[in-house]
Protein chains: 2
Amino acid sequence: MHTDAVQLITIDDVVAAAGRVRGTALRTPLVPAPWSDPDRPLWIKPENLQPIGAFKIRGAVNAVARLSGASGVVAYSSGNHAQAVAYAARAAGLPAVIVVPENTPAVKVEATRAHGAEVVIVPITDREIVAHRIARERDLALIPPFDHPDVIAGQGTLGLEIAEDLPDVELVLVPVSGGGLASGVATAIKARCPAAKVVGVEPELAADATASLRAGELVRWSAADRARTIADGLRAEPSELTFAHLSTLLDDMVTVSEPEIRAAVATLALRSHLVAEPSGATATAAYLFRAADLPRGRTVTVISGGNLAPTQLAEILTGDHPTP
Amino acid sequence: MHTDAVQLITIDDVVAAAGRVRGTALRTPLVPAPWSDPDRPLWIKPENLQPIGAFKIRGAVNAVARLSGASGVVAYSSGNHAQAVAYAARAAGLPAVIVVPENTPAVKVEATRAHGAEVVIVPITDREIVAHRIARERDLALIPPFDHPDVIAGQGTLGLEIAEDLPDVELVLVPVSGGGLASGVATAIKARCPAAKVVGVEPELAADATASLRAGELVRWSAADRARTIADGLRAEPSELTFAHLSTLLDDMVTVSEPEIRAAVATLALRSHLVAEPSGATATAAYLFRAADLPRGRTVTVISGGNLAPTQLAEILTGDHPTP
């Protein structure tokens, strides 16, 4: 068993993290969706409303708050984690260096700089090495995007809020990429609402975590394969640490197709008035299109983020979609 | 003075309404906007997240809860008020009849029926007469969209929430159409945060309330003039009752152009991940483009609603906009 080798985080870690993220991360509400199936009433956890537009702020704030003696932080990311660490460091009064690959859109580089971070642009294959070198040379703490107990505990704080707001929740659907979000949320839900099921959701085109859970061990998909999905936030793969959490805590995993993800983006925008990026809409796609594979009852879907280009959102809004 | 003739609602009316709307209307959070000017930090009150996609649910729920002995309710509206009354009546276990003009989009008629209401379709000039006749013949209570103390007190509950969540708020920007929302919100803010300014916002093309406040008496614009704005929820005109509130409580009014309203819709979608209809984005347009006319300091803009067509949202997302 992989789970023998690593220590899982506990509900106490998540509760402690909740105290640290308060005031910096937004306490998001559960938004009821009156358009949902009355047999499976849906509430949406809108993490796209966080200051950086994604749940990643929670793990970053908790990890930064747990540092002692570091003179600053460094992270490598082209996505929401970059802005999360920049935002969390500024909130804590620490300098931040973010290492980004050279193909990162200028708008994301600017957004990261706007949060006060120094941005170092490197060839994509060098970013991990450069980040570690900067950490060593400048005595900065490296904040990983998911493979760390403090990051997982921080993400778990949104699960704690779900349990507080809807104690009789029966099903929580959460997207899986590196697995930090699902690990933290499942820790909180299983501790506070033991009767509730927690199901992970992946795009069919990046379903390596689903394959791993079926196989009982980490199954690796190539980066090229994982890059095929429109859900660009779900292209990472679990670590030993997150896989140990997922295999212990998740009740199941389901996958959704690319057209189903697009349909969920449109549904969330038009019926719940929330802008979700494709990754952020994936759990709601499972709600809409995998009813036959899921338990009935009070359901929560986590919208993990809302950062997408205006042209992509416009194209999805005016496109044809499958109907649930 | 117009205010001599009518009785204004009080903060006690709003507090009582808050108890009635709890559990049916969503307790919306204040969403911080880290992209805002640090000298004028912005929080957004996202009433587009309400079950029917607009603040109107608050007034409808309060008015329905205040009925005694009515065997049901009737309303006339082609907009968010229709769905609000239908939703509130179902929540209270009462039948609802909604009278809509024959040019109402089929999607809005279906949405109203989906909330369990009977929909009566009539020529636009007949809707008020038909609604009153149905009320009389079937012993139903007519719920007006804004010209009623219970409706105004219900809308005021969102002002109470702003005061609870940001007690040191310095400026609240609220859209003005019939004036029920602004009347209720100003009642709550002026009672709880007396140092805060409350400023109403109208489209330049439907600025009849602004003209009325400048003149010190109700100034009427033709329906054809008011219909020119893209902000289709802001085409109504104040009543004697709401004008008395606005002229007593508002600190000022400002107007915004049509391109500025579109720019605010795009900004809210892309930077705060909230879908606002043009009417709903009008207060945020004032924040973005009327800084010179507004006090500095901690600002809240109310997003009144989020119901718009996908093609309209797509066109705004991909269009050119003025920059603040």
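Guide: We start with a definition. Buried means under 20% relative accessible area, exposed means over 50%, and partly exposed lies in between (1.4 Å probe, protein chains only). This is a predicted model: local features need pLDDT of at least 70, side-chain atom pairs count only at pLDDT 80 or more, and totals for chains, interfaces and linings use all residues. Residues are numbered from 1 along each chain as its sequence is written, chains are lettered from A and ligands numbered from 1 in the order written, and side-chain values use heavy atoms, without hydrogens and water.

Visitor: Why is B:Arg27 called partly exposed?

Guide: Its relative accessible area is 36%. That value lies between the limits of 20% and 50%, so the term is partly exposed.

Visitor: What makes B:Glu161 buried?

Guide: B:Glu161 has a relative accessible area of 9%. The limit is under 20%, so B:Glu161 counts as buried.

Visitor: How do you know that the side chains of B:Arg27 and B:Glu161 meet in a salt bridge?

Guide: A salt bridge needs a side-chain nitrogen of Lys or Arg within 4 Å of a carboxyl oxygen of Asp or Glu. Here N to O is 4.0 Å, so the pair qualifies. B:Arg27 lies in the loop between helix H1 and strand E1 of chain B, and B:Glu161 in helix H6, so the pair ties together parts 134 residues apart in sequence. Helices (H or I, at least four residues) and strands (E, at least two) are DSSP runs, numbered from the N terminus.

Visitor: What makes B:Glu170 and B:Arg298 a salt bridge?

Guide: Their closest N and O atoms are 3.5 Å apart. The limit is 4 Å, so this pair counts too. The two residues are 128 residues apart. B:Glu170, at 31% relative accessibility, is partly exposed, and B:Arg298, at 27%, is also partly exposed.

Visitor: Why are the two copies said to be related as by a two-fold rotation axis?

Guide: Chain A can be laid on chain B by a turn of 180° and a shift of 0.0 Å along the axis, with an RMSD of 0.0 Å. The two copies are therefore related as by a two-fold rotation axis. The superposition is by least squares on the C-alpha atoms of residues with pLDDT of at least 70 in both.
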